[in-house]
Amino acid sequence: MRFNPPAVHGSWLVKEEEKVYASDRGPPEVATYRVATPLKERQDELIPNFWRAETMDKSVDPEPQSADFAAVAARLGKLFAERAADHDENDRFAEINFGDLKENGLIDAAVPVELGGGGADVRSLSTVLRTIAQSCGSTALTLSMHTHQVAIPAWRWRHQDAARPQVAPLLRRVAAGRLILSSSGGSDWIGGSGKAERVDGGYRVTARKMFCSGAPAADLLMTGAICEEGGEATFLHFAVPMQAPEVTVLDTWRTMGMRATGSQDIMIEGLFVAEESILLKRKAGEWHPALQLVSSIATPLIYSVYLGVAEGAREIAIGMARKKPASPRLQSLAGRLDTALAATRMAHETMIAASERNAPSAETVNDVMVGRHLVEENAIRVAELAMELAGGAGFYRKAELERRFRDIQAARYHPLQKEAQTEYTGAMALGQPVDGIY
């Protein structure tokens, strides 16, 4: 296999390498990747501690941005719709769309205005994701994974004064550099994965992270690993610079739906994480207040995508059905479809309302996850009814309905999955502990 020779790009020395990994899914996986090493004289500047506590710069007081994010999303959605089929059919990450999102202020929309961003709240961000999802579910889902990782520290900046010095540096950098954040949260969740070995000054991390949406374009991976400390498994949360030579993006994303999310596996091999870069330590396998906050913000944002996909499927199916002769069966199918869509919208609104209480707790998690269950079931039902309403013509790819049917199936897999949610909700109703239900 040929590789380009090492070359200097700006302040980086870039070279190509390959690694071979054993796979239980077939032949060994060969990953070709680029290693970008900062030139020595600028190493400290180029790889900063993104989470170092800093004194807030009180002199930064920009004017609020007046951009109508929903209108921007609608305009970009039309463009993304033109590209969606090609990305889907070729399992190609929709990277070009993220250039457009950066240029139009949607990457830093969740950053507070005072820190250089758009200042959008959860409801506004949800509208953006829902609108884009009507045209391209993959782009919207990838954006939701980035957006919630920005919206969470933004919430802490607004509501937890003591947290401001910790979260402000990252938020400023997202706004200034339009950084893209990926996450392994869904595959890690409460139990966690990966190994962190205690070494002098920090930890040596080895892990393989799955479902890392946007991995090919990400600047940081928000993740963690398990360390055996004090006789128990402790999960450490930290950020991983994607340009680090110990990090490799594996080409593993071959899926039924959401094919253009670039949700590749990421291999981390012996990465050093300094003690001061650890964001949070918690007991693995138990709920923590930080995870209650994550659930109250991330889940409503992620499920706004599935609402948007359902709305897009509905529009296609109704448009096709209107070309058919009127009949009671056609009317019944359309009525059942719109009833399921109304239920999806109502359920999602309960999730947003719970988030807007700004009170992360077990009760808020319960309300959000009940809504999540109902959005999942009804959004999938909308897609099923849309296929029935469209008839055989909807089975053709050119109708772009079957892509939405495939994409919406991913609503089943984000936590809390509905089996765990019903256990959690039942325990809450009975006044029993929920700490270990996930």
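1. Of the contacts in the protein chain with a separation of 6 or more, 73% are between residues 24 or more positions apart. The model is a predicted one. Its protein chain holds 12 helices and 11 strands.

2. The protein chain has 438 residues, and buried residues make up 53% of them.

3. Two helix pairs deserve a comment. Two packed helices are described by the angle between their axes and the distance between the axes. For α2 (69-89) and helix α4 (residues 122-133), the angle is about 20 degrees and the axes are 8 Å apart. Angles under 35 degrees count as roughly parallel, and α2 and α4 are therefore roughly parallel to each other. Their crossing is right-handed. On the α2 side the contact is made by F69, A70, A73, A74 and F80, and on the α4 side by T127, V128, T131 and I132. By class, seven residues of this contact are nonpolar, two are polar and none is charged.

4. The second pair is helix α3 (residues 95-103) with helix α5 (residues 137-159), packed at an angle of about 55 degrees with axes 10 Å apart. That angle makes α3 oblique to α5. The crossing, in which α3 passes α5, is right-handed. N97, F98 and L101 of α3 meet T139, T142 and L143 of α5. The residues of this contact divide into three nonpolar and three polar, with no charged residue.

5. An α-helix has 3.6 residues a turn, so residues three or four places apart point the same way. In α3 the list includes N97 and L101; in α2 it includes F69, A70, A73 and A74; in α4 it includes T127, V128, T131 and I132.

6. Helix α11 (residues 401-408) is mostly covered, with seven of its eight residues buried. The buried residues are L401, E402, R403, R404, R406, D407 and I408. Which helices are among those that cover the buried residues of α11? The cover includes α2, α5, α8 (289-321) and α10 (362-390).

7. Most residues other than glycine have a negative phi, and most peptide bonds are trans. M258 is not a glycine, yet its phi is positive, at about 50 degrees. M258 sits in the loop between β9 (247-250) and β10 (264-274). Is M258 buried or exposed? M258 has a relative accessible area of 1% and is therefore buried, the cut-off being under 20%.

8. E400 is another non-glycine residue with a positive phi, here about 60 degrees. E400 is placed in the loop between α10 and α11. Its relative accessibility is 23%, so E400 counts as partly exposed.

9. A cis peptide bond joins P415 and L416, with omega at about -10 degrees. L416 lies in the loop between α11 and α12 (418-429).

Technical notes: Residues are numbered from 1 along each chain as its sequence is written. This is a predicted model: local features need pLDDT of at least 70, side-chain atom pairs count only at pLDDT 80 or more; totals for chains, interfaces and linings use all residues. Side-chain values use heavy atoms; hydrogens and water are left out. Axes are lines fitted to C-alpha atoms, for helices over the stretch in contact, and angles run from 0 to 180 degrees between N-to-C directions. Helices (H or I, at least four residues) and strands (E, at least two) are DSSP runs, numbered from the N terminus. Angles under 35 degrees count as roughly parallel, over 145 as roughly antiparallel, 65 to 115 as roughly perpendicular and the rest as oblique. A crossing is left-handed if the near helix is turned anticlockwise from the far one by less than a right angle, and right-handed if clockwise. Contact means heavy atoms within 4.5 Å. Ala, Val, Leu, Ile, Met, Phe, Trp, Tyr, Cys and Pro count as nonpolar, Asp, Glu, Lys and Arg as charged, and the others, Gly among them, as polar. Buried means under 20% relative accessible area, exposed over 50%, partly exposed in between (1.4 Å probe, protein chains only).
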